[in-house]
Amino acid sequence: MLVVRPAGPRDLDHLLELAILSGPGFTSLPEDPDVLSDRLELSRSSFSGQVQAQEAWYTLMLEESDTGDIDGVGSVKATVGLKRPFFSFRVVNNAQSSPSLNIRLEHQTLVLVNECTGWTEVGSLFLKADRRKGGAGRLLSQSRYMLIGAEPELFADTVLAELRGVFTPDGACPFWDHVAHKFFPMDFDQADGLTGSTDKQFILDLAPRHPIYVGLLPEPARAVIGKVHPQGVPAMALLESEGFRPNGLIDIFDAGPTVTCQRDNIRTVRDARALRVEIASEVDAELPGLISTDSVAAFRAVRQKVAVEGETAVINAETAAALKVKSGAVVRVKT
């Protein structure tokens, strides 16, 4: 059975493997054991309530319970931009006209902004290639919203997700090569690493202080603004199905889009119900449902058969064991 559970320090080797498989541009999964180790320590402290709520970063692992194999990762960062700026380019449309010549023009510009301070971020969604079918991606993605819905007061009213921008098959990034690299004279991986390991002062020091006119950029750079990496298309579809929409912000390095949704309008957060568990030998349900525990500290999630009878969720013993719940416990269910 596939189970989504909290990540901790013992997952370092698995997380490093996923980071390597994720490829270039996956900022939240650097191929750095020390950075990943620190992240897993923070995850353990976040789930146990040992850090302030605003500083929590919850990392989730998708585990095959029968084998112990780790097939994917996802995360929820309680807030962004409080201790370190959260920089983006805003795509701005500017209209100019000359009435005397009867000419009207529209120009798109990219403007450096820091608009997402205090928002919650869902991210780091990555699965091994052989797990990208059969509903595993949806389970992992929706588990993040079940986590938020379990204790919504720990999270912000606005939730964002950044999607990786376009890279060519050989690993080149058109927006970086033609635009960002002009301001940050270093390798993409170095800039990407500095973003995750420093206070981002280098961005404030080196980033353009004036709007960049999109029409003056080379066509390869223009073509990828706000576009998603091919591997990120399924993730984008999952986000859209939950109610997320582009908000006009893009990543300053790869031009991938940012999407947002109000926390309480996220479909899974809104539609999941808190129900009491009843354990039965057989469950009268045709289709599986999304089931999670009702607390952050003991969070686990599965997609298994569940029969909703009034305020009761009827599940079998195997599902109860995977969730580590007993009869009478409260779970959240989305059918």
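Let's start with F47: its relative accessibility is 6%, so F47 counts as buried, where buried means under 20% relative accessible area, exposed over 50%, and partly exposed in between, with a 1.4 Å probe and protein chains only. Before going on, this is a predicted model, so to speak of local features we need pLDDT of at least 70, side-chain atom pairs count only at pLDDT 80 or more, and totals for chains, interfaces and linings use all residues. Residues are numbered from 1 along each chain as its sequence is written, and side-chain values use heavy atoms, with hydrogens and water left out.

Okay, aromatics. Rings of Phe, Tyr and Trp (its six-membered ring) pair if their centres lie within 6.5 Å; planes under 30 degrees apart count as stacked, over 60 as edge-to-face, and the rest as tilted. By that rule we get ten aromatic pairs. One of them is F47 with Y58, edge-to-face, at 5.1 Å centre to centre and 70° between the planes. F47 sits in helix 2 (residues 33–47) and Y58 in strand 2 (residues 57–64), so this pair ties together parts that are eleven residues apart in sequence. Helices (H or I, at least four residues) and strands (E, at least two) are DSSP runs here, numbered from the N terminus. Y58 is buried too, with a relative accessible area of 2%.

Next up, F89 and F175: also an edge-to-face pair, 6.4 Å centre to centre, with 70° between the planes. This one links distant parts of the chain, with F89 in strand 4 (residues 88–98) and F175 in helix 4 (residues 174–183), 86 residues apart. Buried or exposed, F175? Buried, with a relative accessible area of 0%. F89 comes out at 4% and counts as buried as well. There's also one aromatic cluster, made of F167, W176, F184, F188, F202 and F253.

F188 takes us to helix 5 (residues 188–197), where F188, A191, D192 and T195 are buried. Those residues cover an arc of only 100° around the axis, which puts them on the same side of helix 5; the arc is that of the directions from the helix axis to the C-beta atoms. Why would such a spacing work? An α-helix has 3.6 residues a turn, so residues three or four places apart point the same way. Over on the other side of helix 5, D189 and S197 are exposed.

Most residues other than glycine have a negative phi. S124, though, has a positive phi, near 55°. S124 is in strand 6 (residues 120–127), and is buried at 5% relative accessible area. K200 is another non-glycine with a positive phi, near 70°. You'll find K200 in the loop between helix 5 and helix 6 (201–206), and K200 is buried, at 11%.

Back to strand 4 for R90, which is partly exposed, with a relative accessible area of 22%. The C-alpha atoms of R90 and V113 are separated by 6.5 Å, while the two residues are 23 apart along the chain.
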